[in-house]
Structures are given as structure tokens and as C-alpha cells.
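I opened this entry to log what I looked up, residue by residue and then overall.

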Amino acid sequence: MKGKIATLLKTLVTKLSSSLKRFPGTIVLAASVVSVLIYVNHIQSELSNETLETLQRIAMILALGIPVSLCIKTLFERMPAQNTLPRVLAYIGAAVGLAFYYLYLLQDFEMVAVTRYIALNLALYLTFAFIPYFYRRENYELYVIKLFTSFFITLLYSAVLFLGLAAMLFTVDTLFVLKLSEKLYFDIWLIAAGVFAPAYFLADIPQHREEVSPEYYPRVLKALLLYIVMPLIIAYSAILYVYFAKIVITRQWPDGMVSHLVLWYSFISILVLFFVYQLRRTNQWVGIFASYFPKLVIPLLIMMFVSMGIRIKAYGITENRYFVMAAGLWVTVGYVYHILRKDVRNIFLPVSLALVAVLAVTGPWSAYNVSRLSQNSRFERILEKYQMIDNGGIVKAAGALADEDKREISAIIRYFNSYHSLDDLKYLPEGFAVENMEEIFGFEYDYGRWPSDGREYFYYHVSVNQNLLDIGDFDY
């Protein structure tokens, strides 16, 4: 028993050591993120909102540096070791890029900054996943499966480590009445998830030119996909087709929720198709699934696009609808690619998804620019309908506006006020605020609340960063 434990600990130390040796920059960045978050965890109540936000932004930039460092490391593993100058320049360029991102693209935590940050992280991690197999290497699906299984094993080990250390801390605190801070449990979670997990996971990343054998395919994953997930997908497809038939018969198109259901179903399905593709020649069930399922999904995706088109025609494009449309187009292209190509190279999927993620949040075609343009067009159409535009400004309508148009104008203003800036909305006077609504438009601003039941509510709260003042000995 002691020998097994010693062997296990030795293996663990060897893995962590090899991970630190191969990916030192990544481990240092992960440890830096954890250090900042632990610091914030312990003195958060003493920090001003501005300082707290600055530290959070620093942590986010350091976290963004993790996939950047992974991409640089795996990219230069493909090149001769003596080419040190390009490596140094790449790391310097990455540091400058991250500093620029911190100063100009992550100035707040509003919708634009957060969604752009998430999209770039997604693109970078996808790039890290396909760099070793770009260009023309076989068994890419098996490489991703190895990453996938290693990731979930790492999650399990990290959870066990956290629970074990937390239980020990709780026991010591309870038995010896130490009254330890509850924040220590969050510290332990940060260390387990932010330092141990990356180090353990990266130790299992195959070396450059290391091939993943077809025999590697995990039996548990194979059984899960073939006998549980794939039958569930077929059953779900049948439900959607029955619903599609109902739409055709009743001629009533569904609301926006159906678009999301079809999108997630098709997205998960193409991932399953990716994972089982290596088994198509050895398993007849997988061969049938890979041949016919992509054709089965296309009509459902068409239904999704028609539903989304109806919503966009009525309410214009917003970032949410843009992202749904972009993801829908990507997954549709993926299925069409499977239909048209006999020799499918599945590396096309992560490469194209990374490209879509970057394009969706950068450039004049980004979700933000397209959404602002679309909502401005809707706003202009409604104003022109009531002849409310005069010399580039807004004038009150001669007659009463329809209630629906009032709600639409308020909704557009609320959209810009919440996600962008009122300065981005054409025809509004300089310094406009929602309190000026009746003065400018002739009707009150609709806050978009749920229907009222006649009762009024109010509440008070104290910010976590505001200290309470003891007024016990004062009369006023």
C-alpha cells in the first residue's frame, strides 16, 4: 500500500515537473492570476471600486496570456530549436499586445468588453488545440479526444484535491477552535483550479510529432457516445421534425427560443460527429450516422434561420442574434462540408470556429457595429413613419404614436443605454438622458418592466466595498 502511494506521488511530482519545464510561462501566468485573486479575496472590503476593478482587469489580462503563451509554445515546437530570435520577438509582441488590450479594449466590464474577451479566449484555445496538427497530419480527432479526456481527468483530480484539503482545513479549524477565515476555502479552490489543474493537464499534452494511436480511444467514451448520446440525438431529431411538421401544418412560426434549441442541438451533434468520426470504418452504426445525419440536420437548420429571420425583420439585429446567426452559419457550413467531402479533414471545424469567433468581435463587420447600425435603422424608420425628423434632429409627432412604436423607441434607447452609448444613436440631442424622454418625444420612457400588479417595491443595500460607520454614541 505504501509502495503504491509512493509511486502515485512520484508520478504526480514527475508530471508537475515536466509541465513546468515545458510550459514555464503558462504556469507562471496561471500562478500570477491566482495570486491576484487571492489578494483580492482577502482585502476586497478595503479596496475602492476603482482599485478592485483594476485588479480584476489585471487578472483577466494575465488569464488571457495563458492561451497566448500556449499558442506560441506549441507553434515554435514545430520549428528548429536554434531559432531563438523569432521566439523572443513573439513573446515580446505578445506582452505588448496584452498591454494594449488592457489599456484600450478592456477598460470596463460592459457587454462589449466581456463578449470580446470571451470570444478571443475561445479562438486562442481552439488555436492551441489545432496548431500541432496544422498542416496535414492524421488522427487529429484522436489528439483532441486525448485532450478532452485529460481535461476531465484533471477536473476530477482537482475536485478531489480541493475537497480533501477543504475537509482537512475544516477539521483542524473545528477541533482546535482556530476560527480560521472562510476565505481560505476559496484560496484552496483557486490554487487547485488555477495552479494544480493547468500544471497537471499540460503534463499530458502530447509532445511534438508524438502520434496518438487509434487503439487509444477510451472505452468509456466510446460506449457513452455510441449507445447513449447518439441514440438521444436521433430521438431529439425526431421531436424537432414533429415540431417542424406542426409549424408547416399550422403555419405559425415559433418564437426565438426554438432557434436556441436547434442551435445547441446541432452544435452538440457536430461535436459528437467529430468525436466518433474515427470509428466510422470499424463500426457500422457510426458509418450510417456519419453518412446520413448531416443531411438530416439541414432542414432543421433552415427552420432555425427562417425563425431568426422573422425575429430580425421585426426587431433588428442585436449582439445576441448576431452570435446565434454566426454560430448557426458555422455549424451549417460544417455539416455541408461533411456532406460534400468524402475525405473529411475535421481540423477544418476548430480552425473555422476560431476564425468566426475573431471576426464576430473585430472589424466593421463585428456584432457590435452591425447591431448598432441595425438598431439605428429601426429607430430612423419609426421616426420617419411619424415625420419626427427635422434638420437632423427629433421633433414631436403631430399625432399620437401607436403604443407598439412607443415601446419600440423606448426599447432601442434602452438597448443603447445598456450596451453601448446614447451618443451612438442618431438624431438624439447632445446630453440626452431617459429623463428627457417626454420633453423630446412627447411620451414617457418605457422601462420595460414586468406588468405591474399595483404594488410598489423598494430596497436598500450597502456595497461590499463600503464600510459601515458606527453611530452608536451620536444623537444625529
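I call a residue buried under 20% relative accessible area, exposed over 50% and partly exposed in between, using a 1.4 Å probe and protein chains only. This is a predicted model: local features need pLDDT of at least 70, side-chain atom pairs count only at pLDDT 80 or more, and totals for chains, interfaces and linings use all residues. Residues are numbered from 1 along each chain as its sequence is written, and side-chain values use heavy atoms, with hydrogens and water left out.

**V88.** I looked up V88 first. V88 lies in helix α4, residues 84-105. Helices are DSSP runs of H or I with at least four residues, strands are runs of E with at least two, and both are numbered from the N terminus. V88 counts as partly exposed because its relative accessibility is 44%.

**T154.** Next I checked T154, in helix α6 (residues 140-176). Is T154 buried or exposed? T154 is buried, because its relative accessible area is 3%. Leaving out residues up to four places away in sequence, T154 touches A197, Y200 and F201. Contact here means heavy atoms within 4.5 Å.

**S352.** I then turned to S352, which sits in helix α12, residues 348-361. S352 counts as buried, since its relative accessibility is 13%.

**Whole protein.** I counted 15 helices and 2 strands. Of the 476 residues, 41% are buried. The C-alpha atoms fill a box of roughly 85 × 75 × 50 Å along the principal axes.
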